[in-house]
Amino acid sequence: MTTSVYTSPATQANGDVIGASIWNPEVVENVKFLADAAPKLRVRKSAVQSIPNTANTALTWDIEDYDNDAMHTGSAPTRLTAVTAGKYAFTGLVYYAPGNGTRITTLFKNGVTEMDVPLDAAALNAAAGGPFSCGANIHWAGQLIAGDYLELVAYQSSGAALNVTTRCFGELHWFGAY
């Protein structure tokens with residue numbers, strides 16, 4: 001859990017003396033928060049996950065490399081949930097097993113599409129002499145309020161179920177107050 005909270009500093013006027021009563025809570029504690037306690041999370045998969053043909057499937061996460069704000073729980077293994085409101089950066093990778101068809105990696109916010117990255121696996125395989133595995137990186141920055149959640153969703157149209165690999169991951173980092 002977060003041990004300190006970011007506090008928006010008060011506006012000071014020219015000539016104001018900045019003593020310990022201002023310096024400590026508005027500068028020192030905020031620097032500590034940004035350096036050590038700003039919410040951050042990295043999750044991964046320990047096993048492949050089967051993605052049915054032509055079905056959006058949220059990735060489940062079972063390894064936490066770090067999570068200092070309880071943003072991921074076993075009771076909601078697909079969700080990365082903001083506990084602390086603010087501006088966040090998300091980075092994720094979905095790595096698909098070899099096969100033809102389309103791959104679409106989508107980031108959902110509160111169950112609604114936020115952005116997606118389509119890949120034409122058939123064109124990639126033809127260009128590279130495949131079939132080869134292919135991965136899609138997704139990067140997003142935006143505001144989350146406490147309780148908002150993100151899910152990384154995989155879609156594929158190879159004609160049969162296709163795995164995503166253990167190379168998949170998701171990271172969520174707080175970078176500023178609302």
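Here is a quick tour of a few charged residues and a pair of strands. Keep in mind that this is a predicted model. The structure holds 3 salt bridges, and salt bridges that share partners join R42, R44, D65 and E171 into one network.

**E171 and R42**
- You'll find E171 in strand β12, which covers residues 169-176.
- The side chains of E171 and R42 form a salt bridge, with N and O 2.6 Å apart.
- That pair links distant parts of the chain, since E171 sits in strand β12 and R42 in strand β1, 129 residues apart.
- Both partners are buried; for E171 the relative accessible area is 18%, under the 20% cut-off.
- Beyond its neighbours within four places in sequence, E171 touches several residues, including Y66, A89 and F90.

**D65 and its two arginines**
- D65 makes a salt bridge with R42, and their closest N and O atoms are 2.9 Å apart.
- D65 is in strand β4 (residues 63-67) and R42 in strand β1 (residues 40-44), so this pair ties together parts 23 residues apart in sequence.
- D65 also has a salt bridge with R44, where the closest N and O atoms are 2.8 Å apart.
- R44 is in strand β1 and D65 in strand β4, so here the parts tied together are 21 residues apart in sequence.
- D65 is partly exposed at 36% relative accessibility, and R44 is partly exposed at 28%.

**Strands β6 and β9**
- Strand β6 (residues 86-96) and β9 run antiparallel, joined by 11 bridges.

Notes
Residues are numbered from 1 along each chain as its sequence is written. This is a predicted model: local features need pLDDT of at least 70, side-chain atom pairs count only at pLDDT 80 or more; totals for chains, interfaces and linings use all residues. Side-chain values use heavy atoms; hydrogens and water are left out. Helices (H or I, at least four residues) and strands (E, at least two) are DSSP runs, numbered from the N terminus. Buried means under 20% relative accessible area, exposed over 50%, partly exposed in between (1.4 Å probe, protein chains only). Contact means heavy atoms within 4.5 Å. Two strands pair if DSSP finds at least two bridges between them. A salt bridge is a side-chain nitrogen of Lys or Arg within 4 Å of a carboxyl oxygen of Asp or Glu.
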